[in-house]
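Me: I am new to this structure and would like to learn how to read it. Please show me one feature at a time.

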Amino acid sequence: PATTPDCTMGPAIAHDLAQHMEAQGYDILWLAEHHFQREGYECIPNVLLLSLWLAQQTTQLRFGCAFNVLPMWHPLRLAEDLSVVDNISGGRIEIGLGQGYRPAEFESFGWNYKTRTRAFEESLDILGLAWRGERFDYEGEMAVIIGKVVTCSFGAFVGGNDTRTSLRVGMGLAQIGEFSFIIATLGLQLN
């Protein structure tokens, strides 16, 4: 039978790991976003909050979010949150964006797993517009937005299992097994 992890230990484990990695000279600690699923010690599903807290406990270690499941976030809110976390941490945040691959995670929030690719594509467009720091209008199938976000460009690792989506955003593509990945600087690369 499945067991529920002791999530009270998650922050302490992450803290100890970050301290150890920094002391050993590591450059970056990558964290994963999952909801109501167990893959290791993923007891804190909001890796942005965890990254911000860990950045306050360290001085040089960078933190990567691998991946923020983009269709599960409101893109304008994620743009703001990532910008704030990156600024407060002194620019030590790397983001990873994925479209998600676990239907149960989407179902847990009442979201349609089958629309995740379209939501992912539109959210990428919105993030690129938001980080330009200019007022913009966006009308898509999944989102309609009018807003402004302070520009904050930083490295991004974008992934998904839909090669068409990866190529559509016009960035370099690497194929690893059934998953495709893109590396870009979102604030500068997306049109």
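Me: Among contacts with a separation of 6 or more, what share comes from residues 24 or more positions apart?

Reply: Such residues account for 65% of those contacts in the chain, where contact means heavy atoms within 4.5 Å. This is a predicted model, in which local features need pLDDT of at least 70 and side-chain atom pairs count only at pLDDT 80 or more, while totals for chains, interfaces and linings use all residues. Residues are numbered from 1 along each chain as its sequence is written, and side-chain values use heavy atoms, leaving out hydrogens and water.

Me: How many helices and strands are there in the chain?

Reply: The chain has seven helices and eight strands. These are DSSP runs numbered from the N terminus: helices are H or I with at least four residues, strands are E with at least two.

Me: How do I read the packing of two helices?

Reply: Two packed helices are described by the angle between their axes and the distance between the axes. Here, helix 2 (residues 47–57) and helix 3 (residues 75–88) pack at about 10°, and their axes are 10 Å apart. Helix 2 is therefore roughly parallel to helix 3 (angles under 35 degrees count as roughly parallel, over 145 as roughly antiparallel, 65 to 115 as roughly perpendicular and the rest as oblique). Axes are lines fitted to C-alpha atoms, for helices over the stretch in contact, and angles run from 0 to 180 degrees between N-to-C directions.

Me: Which residues in helix 2 and helix 3 meet?

Reply: Leu48, Leu52 and Gln56 in helix 2 meet Leu78, Asp81, Leu82, Val85 and Ile88 in helix 3. Not counting residues up to four places away in sequence, isoleucine 88 touches Leu52 and Gln56. The C-alpha atoms of isoleucine 88 and leucine 52 are separated by 7.6 Å, although the two are 36 residues apart along the chain.

Me: Is isoleucine 88 partly exposed or buried?

Reply: Isoleucine 88 has a relative accessible area of 48%, so it is partly exposed (buried means under 20% relative accessible area, exposed over 50%, partly exposed in between, with a 1.4 Å probe and protein chains only). The buried residues of helix 3 include Leu78, Leu82 and Val85.

Me: What should I look for in a nonpolar core?

Reply: In soluble globular proteins, nonpolar side chains tend to be buried together. The largest nonpolar core here has 35 residues, and those with the most contacts inside it are Leu29, Leu54, Phe63, Leu97 and Phe136. Such a core is a set of buried Ala, Val, Leu, Ile, Met, Phe, Trp, Tyr and Cys residues joined through side-chain atoms within 4.5 Å.
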